[in-house]
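Reader: Please take me through the fold, the helix packing and the side-chain contacts of this protein.

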Amino acid sequence: MTKVARAKAYLSRRMLLFRRFWPGFVIASMVAVTAEFLSSHYDVPVMLMALLLGMSLHFLVEDKQSACGTGVDFTSTIVLKVGIALMGARMSVDVLSVLTASLITLIAGCVIITIGFGVLISYLLGRGWRFGILTGASVGICGASAAMAVAAVLPKNKNTDQNVIFTVLSVTILSTVAMILYPLLTEVLLLDDKDAGLFLGATIHDVAQVIGAGFSVSEEAGETATVAKLIRVAMLVPVIVVLSTAIKLTTGKQKNEGEKPPIFPFFIVCFLVFALANSMQLIPATVLHNLESISRWALIVAVAAVGIKTSLKGVMKIGGRAITLVVSETAFIAIIFYVGLMIIN
């Protein structure tokens, strides 16, 4: 075969892959753009809009022979991991200098304990350990983004998509409710601006809602809340690594537990590389801004794709026990952090 023939064959294979992936990817991207428009004009969470709009298009992939199915699967996995990897560009060790060691330990400890609490309550409610880890990490770390990242390394089963969509939907709603109620709660608890910011940053699920709640109290509360939240976001990497290692060791003996993820997922390696580069100020400001924008859009598009994959009927079947679990985790992290904060003070 000549070089020209090989080149033609290579291009032909690539075009075939493109034709398989592009319909689903384009549709998910259109949903993401629409969600962003609604979010910016009506002040609603963009992730929530992406989920709901995506779910309304589930009929596009109900048929297993659908032209959109492959692209939607690709978007909900590969594009998701790209978004998570680029999230590292938002991280910097400089944020740690604002908080004391005891506060950092308290915030990190609350994340770990909340995940453990989620697994325990999920087991007691008969929901299984996967769902407990998924919801616990989502509540404890950073809401929808953490749910998507954890779902990427958890072994898959028949309930995976429904569990993910329910978790993202529920924590987004609870985070929005907390953004409204928690600033009022900090007044009832007689917290000063710094402690109010710590409380908001350590207990509200999503970053956007943390910022909204913090700056609604004061400038100092908003800045402190943002830093506290970034500590929680930074916990995503060790949680994913430990989780991947534990699952790898377990599934090495139990073949029926699902797919075996790598001990150190490549997208997490990329996350760490970007975080290290940002901490060392190796990324120019313009490039950094572009990476953050790409990460944000990749996550929105991936969430839209997850919404497209999941039927509303499937989500509704999850039931009251799942709602009880997520609400319990939300209350739990708020209580233990407040108690810990009072002890430190």
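The questions and answers below go from the overall fold to individual contacts.

Author: This is a predicted model, in which local features need pLDDT of at least 70 and side-chain atom pairs count only at pLDDT 80 or more, while totals for chains, interfaces and linings use all residues. Residues are numbered from 1 along each chain as its sequence is written, and side-chain values use heavy atoms, with hydrogens and water left out.

Reader: How many helices and strands does the secondary structure of the protein come to?

Author: Helices (H or I, at least four residues) and strands (E, at least two) are DSSP runs, numbered from the N terminus. From that end on, the elements run α-α-α-α-α-α-α-α-α-α-α-α-α-α. The totals are 14 helices and 0 strands.

Reader: What percentage of the residues in the protein is buried?

Author: A residue is buried under 20% relative accessible area, exposed over 50% and partly exposed in between (1.4 Å probe, protein chains only). Of the 345 residues in the protein, the buried share is 51%.

Reader: Which salt bridge is found, and at what N to O distance?

Author: The criterion is a side-chain nitrogen of Lys or Arg within 4 Å of a carboxyl oxygen of Asp or Glu, and the count by this rule is 1 salt bridge. The side chains of Arg296 and Glu36 form the pair, with an N to O distance of 2.7 Å.

Reader: Is α2 oblique or parallel to α6?

Author: Axes are lines fitted to C-alpha atoms, for helices over the stretch in contact, and angles run from 0 to 180 degrees between N-to-C directions. Helix α2 (residues 46-55) and helix α6 (residues 160-188) have axes 10 Å apart and an angle of about 140°. Angles under 35 degrees count as roughly parallel, over 145 as roughly antiparallel, 65 to 115 as roughly perpendicular and the rest as oblique. The arrangement of α2 relative to α6 is therefore oblique.

Reader: Why is α2 described as largely enclosed by the rest of the structure?

Author: Buried residues in α2 include Val46, Met47, Leu48 and Met49. Helix α2 is largely enclosed because its buried residues number 8 of the 10.

Reader: Which residues does Phe21 touch, not counting those up to four places away in sequence?

Author: Phe21 lies in helix α1 and is partly exposed, with a relative accessible area of 24%. The C-alpha atoms of Phe21 and Cys68 are 7.4 Å apart, although the two are 47 residues apart in sequence. With that exclusion, the residues that Phe21 touches are Thr70, Gly71 and Phe74.

Note on methods: Contact means heavy atoms within 4.5 Å.
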